[in-house]
Amino acid sequence: MLTIENVTKSFGGLMAVNDVTLQLDPTGIAGLVGPNGSGKSTLFHLITGFYKLDGGAVYFKDRRISGLSPHIISRMGLVRTFQHTRVLPFLTAQENLMAASPAQAGERLTAVFLRPGRVKLEENKNRERAVEILEILNLKSLCHHLAGRLSFGQQKLLELGRVLMAEPGMILLDEPTAGINPTLIRQLVEIIKGLSRRGIRIFLIEHNMPLVAELCTKTFVMDSGSLIFSGTPAAARENSRVIEAYLGREDHAA
């Protein structure tokens, strides 16, 4: 479903992503792990069009997407979340989801005046869809609460809901459990599993290795901008290069 070929990105003299090649199958959950500064989020930015590639190519469903704008990539079914929540704080949880629905007729002034019936029908469908997603996220009871008053963990769930309004085929999650309490982490894990069972492909950045082992069927490991491992989470834990990336070389381990 997603293919990355020889992708490279540098910032001045810093090689942030160095000749990375990987491929994700159409089903399942994959994890991208590595030390801080290893290039994981930069790779997500490159995949989703927020950064321009210096070299290589990205393909989604056999179509080259490198060079396309983020909103075009999103409308193709490849969407993402960010490390920091980007909810609209002065809208309710339901309104946040409704606003995230792509290509709404009501966004065009001509449709508002010339086709108000269509605009109203679409708005009602989006409202119903938003409630359905809030129920999936266990946030239905907070439907009419302002997003800015939700906890950080609830805002992260709400951001995932905004992504789901686009009816994606694949979701890239950038550190979805960072900064949220253990109870919400378990809730999020079950939600991710449920989305996978619904046929949505998940690719996530995560530092919690036990969680990666629980969720992911395949793991990719980056270090200093390069991909140093791909395989099962169990094999990653026993790989010498992965251990070295996290703990340092043997001669410096002490």
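Visitor: Which helix gives the most to the lining of the second largest pocket?
Guide: We're looking at a predicted model, where local features need pLDDT of at least 70 and side-chain atom pairs 80 or more, while totals for chains, interfaces and linings use all residues. A pocket here is an open set of points on a 1 Å grid over the protein atoms alone, with protein on both sides within 12 Å along at least five of seven lines, and lining residues have an atom within 4 Å of a point. Two helices each supply at least two residues here, helix 2 and helix 5 (116-136). With four residues, the top contributor is helix 5.

Visitor: How much space lies in that second largest pocket?
Guide: Its lining includes Ser74, Arg75, Glu122, Lys125 and Met165. A volume is the space filled by probe spheres set on the grid points, which are joined across faces, edges and corners. For the second largest pocket, that comes to about 170 Å³.

Visitor: Where does the largest share of the lining of the largest pocket come from?
Guide: Helices (H or I, at least four residues) and strands (E, at least two) are DSSP runs, numbered from the N terminus. Helix 2 (70-75), strand 6 (78-80) and helix 6 (152-164) each give the largest pocket at least two lining residues. The largest share, five residues, comes from helix 2.

Visitor: What volume does the largest cavity have?
Guide: A cavity is a set of points where a 1.4 Å probe fits but cannot get out. The structure holds one cavity of 30 Å³ or more. The largest cavity has a volume of about 80 Å³.

Visitor: Which helix gives the most to the lining of the largest cavity?
Guide: Thr81, Phe82, Leu173, Asp174 and Leu188 are among the residues around the largest cavity. Helix 6 and strand 7 (170-174) each supply at least two of its lining residues. With four residues, the main supplier is helix 6.

Visitor: Is Tyr51 exposed, partly exposed or buried?
Guide: You'll find Tyr51 in the loop between helix 1 (40-47) and strand 4 (55-60). Buried means under 20% relative accessible area and exposed over 50%, with partly exposed in between (1.4 Å probe, protein chains only). Because its relative accessibility is 31%, Tyr51 counts as partly exposed.

Technical notes. Residues numbered from 1 in each chain as written. Heavy atoms only, no water.
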